[in-house]
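Please keep the sequence and the model in view while going through them.

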Amino acid sequence: MANTVHIDVVSAEASIFSGEAEFVVAPAVAGEVGIYPNHAPMITSIKPGALRIQLADAAEEVVIFISSGLLEVQPGMITVLADTAIRGHDLDEAKAKAAKEAAMEAMKNRTSDMDYAKAQAELSEAMAQIQAIERLRKKTH
Amino acid sequence: MAGSKEIRTKIKSVENTRKITKAMEMVAASKMRKAQDRMRASRPYAEKIRNVAAHLSFANSEYKHPFLIKRDVVKNVGLIVLSSDKGLCGGLNTNVLRMSINQMKTWETEGKKIAVTAIGNKGFSFMNRMSADVKSHVIGLGDVPHMETLIGAIKVMLDAYTSGEIDQVYICYTKFINTMKQEPTMEMLLPLSGEKLGSPNGSWDYIYEPDAVLVIDQLMTRYTESLVYNAVAENMASEQSSRMVAMKSASDNAKEVIADLKLVYNKARQAAITKEISEIVGGAAAVS
């Protein structure tokens with residue numbers, strides 16, 4: 001086997017790319033990193049940008065755009081764990097805050113929810129009664 | 001022919017119901033296939049990130065992430081409940097919610113406080129009805145689970161765990177075994193168990209860039225999120241197959257009801273004809 005390294009690009013929602021590469025360039029947060037086979041174990045977070053993969057058996061390179069994520073390097077294997085969502089500390093924070101507020105809001109409006117649930121329960125009870133009557137009527141026929 | 005018109009209308013209405021349940025069955029069947037594909041698509045990421053997390057948890061790093069540290073005293077518990085947004089899917093939600101509420105009762109008797117994150121409409125309204133402490137929720141996920149919509153709600157739980165408000169996080173969802181079988185499952189999400197991660201081969205450490213703490217933080221958050229995401233994907237596949245099975249049995253039942261009603265209808269019709277004939281015969285005998 002020639003001097004190649006296996007590379008997997010995966011995201012939580014799908015597997016994006018898998019293959020043998022001669023050389024990989026990734027946009028790490030501290031700057032672009034180039035990785036040849038037999039690189040020392042390394043783990044780094046990556047920022048949005050282009051991931052360039054020089055395939056073993058092709059002249060041109062594969063370019064994949066990733067938003068952000070993590071890059072793990074082992075001597076014979078490179079794993080790119082790409083994020084599907086656009087992430088950032090502030091963004092995450094805002095999302096969490098929004099989720100919290102929504103929950104608070106729902107707590108306040110609990111009464112209306114309760115009414116709805118109660119109506120639903122009553123409806124299903126009535127339906128069960130109708131069904132029971134139906135059965136009885138059928139039996140007497 | 002008294003009553004025959006009513007029976008006819010009834011047959012018609014059952015037939016219409018059957019058409020609907022049949023259509024829903026078919027829709028659920030096609031959605032199920034897609035949901036299963038999605039469930040499988042999320043596996044490679046989960047596997048890879050688990051491997052990396054396993055390396056990290058055993059690597060000779062001086063920094064231990066809070067997600068990996070077991071707490072001695074458990075006072076408060078977090079629970080993430082996964083349910084479907086829509087009903088008509090058999091006992092799927094009932095089973096999950098029953099399991100959750102039983103576990104919550106046990107915790108309550110142990111004097112633990114419970115915080116809940118509800119994913120899915122059914123679980124959310126149920127937890128509200130039970131006056132549980134719902135910290136965050138996600139409803140209206142649709143057919144495709146997206147990380148984007150889940151992050152906020154999960155982060156509320158993770159933050160509560162990191163800040164020490166809660167000491168354990170559990171997740172309750174329906175595990176997809178096959179089309180006919182789904183099982184409600186309760187798993188401990190945090191602290192992350194070492195056994196689940198497995199042991200890595202060899203002892204070596206990574207080069208961390210830009211620094212260990214940042215990278216490990218990011219990785220552990222992603223790992224936990226991916227676990228939740230997987231559970232959501234699995235729950236959706238369970239929902240669709242459970243709905244398919246429920247709708248199939250509803251269609252079968254409707255078929256049975258139609259057959260029964262037809263029998264009743266024909267009997268009534270024949271009785272009416274017999275009665276008419278005997279009346280004519282009786283009338284003719286009286287005349288002659």
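**Notes on the predicted model**

1. V96(B) lies in helix α3 of chain B, which covers residues 92-109. The model is a predicted one. V96(B) is classed as buried, because its relative accessibility is 1% and the cut-off for buried is under 20%. Leaving out residues up to four places away in sequence, V96(B) touches V81(B), L82(B), C172(B), Y173(B), T174(B) and P184(B). The C-alpha atoms of V96(B) and E183(B) are 8.5 Å apart in space, although 87 residues separate the two in sequence.

2. Is Q240(B) buried or exposed? Q240(B) counts as buried, with a relative accessibility of 6%. Apart from neighbours within four places in sequence, its contacts are A28(B), K31(B), M32(B), A35(B) and D143(B).

3. Chain B as a whole contains 7 helices and 6 strands. Read from the N terminus, their order is α-α-β-α-β-α-β-α-β-β-α-β-α. The radius of gyration of chain B is 28 Å, whereas the globule rule gives 19 Å for 288 residues, so chain B is more spread out than a compact globule. The C-alpha trace of chain B spans about 115 × 40 × 25 Å along its principal axes.

4. Of the 288 residues in chain B, 46% count as buried. The chain exposes about 14,200 Å², of which carbon and sulfur atoms supply 55%. Among contacts in chain B between residues at least 6 apart in sequence, 77% join residues at least 24 apart.

5. Over all chains, the count of salt bridges is 14. One of them joins K175(B) and E187(B), at 3.8 Å from N to O. K175(B) is in strand β4 (residues 168-178) and E187(B) in strand β5 (residues 181-190), so this pair ties together parts of chain B that are 12 residues apart in sequence. K175(B) is partly exposed at 30% relative accessibility, and E187(B) is partly exposed at 23%.

6. K112(B) and E110(B) also form a salt bridge, with their closest N and O atoms 2.8 Å apart. Here K112(B) counts as buried at 17% relative accessibility, while E110(B) is partly exposed at 48%.

7. In chain A, a network of salt bridges links E32(A), R52(A) and E61(A).

Terms used: Residues numbered from 1 in each chain as written. Chains lettered and ligands numbered in written order. Predicted model: local features only at pLDDT ≥ 70, side-chain atom pairs only at ≥ 80, totals over all residues. Heavy atoms only, no water. Buried < 20%, exposed > 50% of the residue type's maximum accessible area, 1.4 Å probe, protein only. Contact = heavy atoms within 4.5 Å. Helix = DSSP H or I, 4+ residues; strand = E, 2+ residues; numbered from the N terminus. Rg over C-alpha atoms; globule rule 2.2 N^0.38 Å. Areas by Shrake-Rupley, 256 points an atom, 1.4 Å probe, with all protein chains shown as cover. Salt bridge = Lys/Arg side-chain N within 4 Å of Asp/Glu carboxyl O.
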